[in-house]
Amino acid sequence: MPGFRTERLGQAIQEKIGSLILEGKIKDSRVNSFISITKVDVSRDLSYADVYVSDIRGKIKEKEVDGLRSAAGFIQSQLGSVMHIKKIPRLRFHADTSIGDAFDLIKKIEQLVEPKVNEEI
């Protein structure tokens with residue numbers, strides 16, 4: 001059952017970081033409320049947590065991820081105050097471009113379908 005524990009821990013980390021962002025507790029100007037945490041993968045030994053970050057407006061900018069990286073110590077201390085585990089995983093932030101990629105794919109599909117619809121009319 002170690003996989004179940006890491007999944008639960010990842011979900012808890014995701015929720016807490018998300019609430020810190022929404023509440024504006026992360027004071028770095030590069031971190032804004034449009035940032036969302038899409039996924040957290042915790043390593044089996046609980047030493048690392050890979051946090052995947054996206055921007056709901058589309059493409060995530062590297063400066064936004066850098067803002068979270070620089071606030072990682074603060075975020076870990078906040079996690080430590082609410083989570084009752086011996087060691088808080090070290091956070092590693094990564095840009096998740098899947099939302100922006102999905103929007104681009106939808107636009108391309110619409111462009112392909114639109115000319116065929118006009119031809120039928």
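The numbered points that follow treat helices, salt bridges, rings, a surface patch and one backbone angle.

1. The structure is a predicted model. The remarks below should be read with that in mind.

2. Helix 3. This helix spans residues 72-82, and its buried residues are Ala-72, Ile-75 and Leu-79. These residues lie on the same side of helix 3 because they cover an arc of only 65° around the axis. Gly-73 and Ser-81 are exposed, and they are carried on the face of helix 3 turned away from its buried side.

3. Helix 2, buried side. In helix 2 the buried residues are Glu-64, Val-65, Gly-67 and Leu-68. The arc that they cover around the axis is only 150°, so they too are placed on the same side of their helix.

4. Which residues of the model are linked in a network of salt bridges? The network consists of Glu-62, Asp-66 and Arg-69. Within it, the side chains of Arg-69 and Asp-66 meet at 3.0 Å, N to O. Arg-69 and Asp-66 are three residues apart in helix 2 (residues 62-70), which means that about one helical turn separates them. Both residues are partly exposed: the relative accessibility is 38% for Arg-69 and 30% for Asp-66.

5. Salt bridges elsewhere. How many salt bridges are found in a search of the whole structure? The search finds six. One of the bridges joins the side chains of Glu-23 and Lys-25, at 3.4 Å from N to O. Lys-25 counts as partly exposed, with 39% relative accessibility.

6. A bridge between two strands. The side chains of Asp-50 and Arg-92 also meet in a salt bridge, at 2.8 Å from N to O. This pair links distant parts of the chain, since Asp-50 belongs to strand 2 (residues 48-55) and Arg-92 to strand 3 (residues 90-95), 42 residues apart. Asp-50 is buried, with a relative accessible area of 16%, whereas Arg-92 is partly exposed at 35% relative accessibility.

7. Charges over rings. Arg-92 also lies over the face of Tyr-48, at 4.2 Å from the ring centre. In a further case, Lys-39 lies over the face of Tyr-52, at 5.2 Å from the ring centre. The count of aromatic pairs, by contrast, comes to zero.

8. A nonpolar surface patch. Leu-105, Ile-109, Leu-112 and Val-113 make a nonpolar surface patch of about 390 Å². Of these residues, Leu-112 may be examined in more detail. Leu-112 is found in helix 4 (residues 98-120). Its relative accessible area is 62%, so Leu-112 is classed as exposed, the cut-off being over 50%.

9. In general, most residues other than glycine have a negative phi. Leu-46 lies in the loop between strand 1 (35-42) and strand 2. Is Leu-46 buried or exposed? At 13% relative accessibility, Leu-46 counts as buried.

Methods
Residues are numbered from 1 along each chain as its sequence is written. This is a predicted model: local features need pLDDT of at least 70, side-chain atom pairs count only at pLDDT 80 or more; totals for chains, interfaces and linings use all residues. Side-chain values use heavy atoms; hydrogens and water are left out. Buried means under 20% relative accessible area, exposed over 50%, partly exposed in between (1.4 Å probe, protein chains only). Helices (H or I, at least four residues) and strands (E, at least two) are DSSP runs, numbered from the N terminus. The arc is that of the directions from the helix axis to the C-beta atoms. Patches are made of residues with over 30% relative accessible area and no salt bridge: like charges are joined within 9 Å, nonpolar side chains (Val, Leu, Ile, Met, Phe, Trp, Tyr) within 5 Å. Accessible areas come from the Shrake-Rupley method with a 1.4 Å probe; for residues, only the protein chains shown count as cover. A salt bridge is a side-chain nitrogen of Lys or Arg within 4 Å of a carboxyl oxygen of Asp or Glu. Rings of Phe, Tyr and Trp (its six-membered ring) pair if their centres lie within 6.5 Å; planes under 30 degrees apart count as stacked, over 60 as edge-to-face and the rest as tilted. A charge sits over a ring if NZ of Lys or CZ of Arg is within 6 Å of the ring centre and within 35 degrees of the ring normal.
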